[in-house]
Amino acid sequence: MTSTPPGDMPADEFRDDGHRLVDWLAGYFQWSLDRPVLSRVEPGAIRAGLPAAAPESGEPFERILQDFERILVPGLTQWNHPGYFAYFPCGFSSPGALADFLSTAVSQQAMLWRTSPAATELEEVVLGWLRRAIGVPDGFEGVIYDTASTAVVHALAAARHEKAPEVRTRGLTGRGPGAFRVYCSEHAHSSVDKAVIVLGLGHENLRRIPADGEFRLQPDRLAAAIDDDRKAGHTPLAVVATVGTTSVASVDPVPAIADLCALEGLWLHVDAAYAGTAAILPECRWAIEGMERADSFVVNPHKWMFTPFDLSAFYCRKMDVLRAAFGLTPDYLKTPESSEVRNLMDTGFQLGRRFRALKLWVVMRYFGLEGISTRLREHLRLARLFADWVDEDAGFERVAPVLFSVVGVRALPHGLDRGDTAALNAFNERLLAALNDTGEVFLSHTMLGGRYVIRFAVGNIRTTEAEVRRAWDRLRKLAAALPPTPPP
Ligand SMILES: *Cc1c(COP(=O)(O)O)cnc(C)c1O
C-alpha cells in the first residue's frame, strides 16, 4: 500500500524543481564546454549504469536529476557545443529551449482546431512569417512536421494522389503495369529512398540522376531518364530537387528542373532542409530561385535557424491535394466548426501534433529577422574563412565550392601518391578519428566519388571564430604528425 496520494507533483515542488532544473542547465552550459564534444562512452555503458526495472516507490526529482548528470550526461554528444561541426548542426538556442519547455508544460495536442486553437492558428501565422522571410510565394500553404523525412513522404504521397487518386482506395497493386518513377540527384538525401520505400513505390523506382562536376543534378540526364522510362511503359511521377545537398551543400538547377516538370507534368518537391533558411539573406536568395514553380518545398528551422529539434516547415502549392490524399475523419473527431477552421490532422498521416509553432514564434521574436540574419552571415563568414585556410595549405584539398556553411576537405600528406585513393581514404579516416579524439571538436565525413572527405559544417549558434581556428589548427597539426600509413 502506498501512502502517496494520487495526483500530479505538488505545485510548490514543481516551482522548486523547475528552478533547480534551470539553474542546473545554466551551469551545464558552462561546465560542459570542457567536456568532449563527441561522447566517449562505450556501447552498452549507459544501459549498464541503469537498473533493469522501474523503482517500486517514487523518487524525488532532485535525485533523478543527480542521476541524469552522473549516468546520462557522459553519454550526451554535445550538439549545442560551439565545437560541433558534424553532419548539419542542430538548431539550438536558449530561448528555443525555453519555448519547448513551455510548449510541453501547457500540454497542447493540435490534432483539431478545438483541441488547440492557439497551436493551430499560431502555426499558420508563424509559417507565414517564415514564408515571407525566405521568399516563398503567397500561394504556398504551410504545415509543420517533425522532420524533412516526413515532409518528403507527404510530398510524394500528394504527387501520387494527384496522378492516380484511385490508389488511395485500391492500393498500388490494383493499378496495372507501369511503375511510378521518382527522380532525384545522386546526392539527394536518403530520406527520398525511405519515402519511396514507405509509400510502396519500390526502391528500384527511385532513379538517381548523375550530377555534374559541382555536384548538381544534370537536367539533360534527367530528361533522358524520363524519356527512357516513358518508352519502357513507366509513369514518371515526381522529381525531388535539392537546395543544399547533405554531402557538400550543392544546389540543383531548380529553374531547369521546374521547366522539365512543367513539360512532363511531374510533381516537383524542393528539399531545402538545410540551406533553405539562408534564403532569408538577400545574397543567398538565388539558391531557391525557381522554387516558386515547385509543388512543395521543405526547410528545417531545426537545422540552421536556432530552433531546437524537431521542427520542419513544409510548404505546398496544392495543399488541397494533400488533404484529399490524407483527409479521413472518424465520427469521434467530427466537430461543428470544421468548415471554418483548419484541422491539422487533415494535412498528413499523423493525428496528434505537438505545439511546435511556439518555439519558432519565440525564436523569430527573440532574435528578430535581423538577429537571425546576423548569425547566418557570421556562419557563412566562418565557413569561408576555414575554406581560405584550406586553400592556402598545400597539404589539403577542398573538394567542392563553398556556397553556404559547409566545407569538404581532404588531407594530401607528403609520402602518399595523390592517385592512391585507398591510401588517402585510410589516412583521412584516421585523421578524422584523431581529430575527434581531441574532444575539442566533432566533425563528420562523407564519400564523394569514392573519396573519403572530411566535412566541416558551421551552424551552431554558440560557434565563434575561436572554435573554427581551433578545428583548423588541430586538423593541420594532426595531419602533419600522423604517419602516412598506419604503423604495422
Ligand atoms: C538533413 C536533411 C534531410 C533530413 O532531415 P530530417 O529533418 O532529419 O528528416 C533531408 N534532406 C536534406 C537535404 C537534409 O540535409
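The ligand is surrounded by 14 residues, where a residue counts as near a molecule if one of its heavy atoms lies within 4 Å of it. The closest are A148, S149, D271, N300 and K303. The model is predicted: local features need pLDDT of at least 70, side-chain atom pairs count only at pLDDT 80 or more, and totals for chains, interfaces and linings use all residues. Residues are numbered from 1 along each chain as its sequence is written, and side-chain values use heavy atoms, with hydrogens and water left out.

Several polar atoms of the protein face the ligand. A polar side-chain atom of D271 lies 2.6 Å from a ligand nitrogen atom. A polar backbone atom of A148 is 2.8 Å from an oxygen atom of the ligand. In the side chain of T246, an N or O atom is 3.4 Å from a ligand oxygen atom. On its own, the ligand has 390 Å² of accessible area, and the protein covers 90% of this. Accessible areas come from the Shrake-Rupley method with a 1.4 Å probe; for residues, only the protein chains shown count as cover.

The ligand sits in the second largest pocket. A pocket is defined on a 1 Å grid over the protein atoms alone, as an open set of points where a 1.4 Å probe fits, with protein on both sides within 12 Å along at least five of seven lines. A molecule sits in a pocket if more than half of its atoms lie within 2 Å of the pocket's grid points. Helices (H or I, at least four residues) and strands (E, at least two) are DSSP runs, numbered from the N terminus.

Helix α6 covers residues 148-163. The expected span of a helix is 1.5 Å times one less than its number of residues. Buried means under 20% relative accessible area, exposed over 50%, and partly exposed in between (1.4 Å probe, protein chains only). A148 belongs to α6. A148 is buried, because its relative accessible area is 11%. The C-alpha atoms of A148 and L311 are separated by 8.7 Å, although the two residues are 163 residues apart along the chain.

The loop between α11 and β7 (312-316) contains D310. The peptide bond from F309 to D310 is cis, with omega near 10°. F306 lies in the loop between α11 and β7. Its phi is near 60°, a positive value in a residue other than glycine. F306 has a relative accessible area of 0% and is therefore buried. Y87 is not a glycine either, yet has a positive phi of about 40°. Y87 is located in the loop between α3 (61-72) and α4 (94-105). With a relative accessible area of 46%, Y87 is partly exposed.

Strand β6 (residues 296-299) includes S296. S296 is buried, at a relative accessible area of 0%. Its side chain makes a polar contact of 2.8 Å with the side chain of H269. Another polar contact, of 2.9 Å, joins the side chains of S296 and W267. A polar contact is a pair of N or O atoms within 3.5 Å; within protein, one must be able to donate a hydrogen and the other to accept it, and residues adjacent in sequence count only if both atoms are side-chain atoms.

Key: On a 1 Å grid over the protein atoms alone, a cavity is a set of points where a 1.4 Å probe fits but cannot get out, and a pocket is an open set with protein on both sides within 12 Å along at least five of seven lines; lining residues have an atom within 4 Å of a point.
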